[in-house]
Amino acid sequence: QAFEKADKAHPPKKGGVVFYGSSSIRKWDLAKAFPGKDYVNRGFGGSTMPDAIQYLDRVVLPLQPTTIVLYEGDNDIGRGDTGPIVFRDFKTFVDKVHAKLPQTKIVYLAIKPSLARWHLIEQMRTANLMIKEYCYEDPRLIYVDTEKPMLGPDGTPRKDLFVEDGLHMTDKGYAIWNKLVAPYLN
């Protein structure tokens, strides 16, 4: 409702880039990350892939984006969903977007390795691998690996990329994401 109210008061430009997903999207300072761009942030904390599907028609599709940057799956795995469930829901999301906007690119940010959820990394890797392989089959889908750049030399998540909760990112974490995503926004 807050997104809909804000859109009525100050309608965003249609046909641009929409960042969509959980709190990792919500907390991303897009104006700082990509100055001079009119990217729209549609992140909402605690969301899962089914939430992204449920609210897609209300908060994303009316903006007719040419590109959607999606980060979901983290909370899904955190609540006990398996990698194959996240993958199934991702395919549903893609189908729903492309049914209405067949040319829209979807840039999927892989589920990040975090300190708080490191014990769930194998399910995250399963989801990421399935989604990655699926993305390679469709030129409108782009998979962005977040795992390798966020791991330290010891193969575990870098502590400097996370705030105290071990889940949400610091500016250093977002700086990595900025570099990873920027090539797919033009």
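Student: Leaving aside its neighbours within four places in sequence, which residues is Thr146 in contact with?
Tutor: This is a predicted model. Thr146 is found in the loop between β5 and α8. Apart from neighbours within four places in sequence, Thr146 is in contact with Leu109, Ala110, Ile111, Lys112, Pro113, Trp177 and Leu180.

Student: Does Thr146 count as buried or exposed?
Tutor: A residue is buried when its relative accessible area is under 20%. The relative accessibility of Thr146 is 0%, so Thr146 counts as buried.

Student: Which backbone oxygen does the side chain of Thr146 reach?
Tutor: The residues in contact with Thr146 include Ala110. At 2.8 Å, the side chain of Thr146 reaches the backbone oxygen of Ala110.

Student: Which are the edge strands of the open sheet?
Tutor: The five strands have the order β2-β1-β3-β4-β5, with parallel pairing. An edge strand pairs on one side only, and this applies to β2 (40-43) and β5 (141-144).

Student: In β2, what is the bridge partner of Phe19?
Tutor: Strand β1 covers residues 17-21 and pairs with β2 in the parallel sense over four bridges. In β2, Phe19 has as its bridge partner Asn41.

Student: What angle does the direction of helix α4 make with that of β1?
Tutor: Helix α4 (residues 49-59) packs on the sheet, where it touches β1, β2, β3 and β4. Its direction and that of β1 make an angle of about 145°.

Conventions: Residues numbered from 1 in each chain as written. Predicted model: local features only at pLDDT ≥ 70, side-chain atom pairs only at ≥ 80, totals over all residues. Heavy atoms only, no water. Pairing = 2+ DSSP bridges. Helix = DSSP H or I, 4+ residues; strand = E, 2+ residues; numbered from the N terminus. Contact = heavy atoms within 4.5 Å. Axes fitted to C-alpha atoms, helices over the stretch in contact; angles between N-to-C directions. Buried < 20%, exposed > 50% of the residue type's maximum accessible area, 1.4 Å probe, protein only. Polar contact = N/O pair within 3.5 Å; in protein donor to acceptor, adjacent residues only side chain to side chain.
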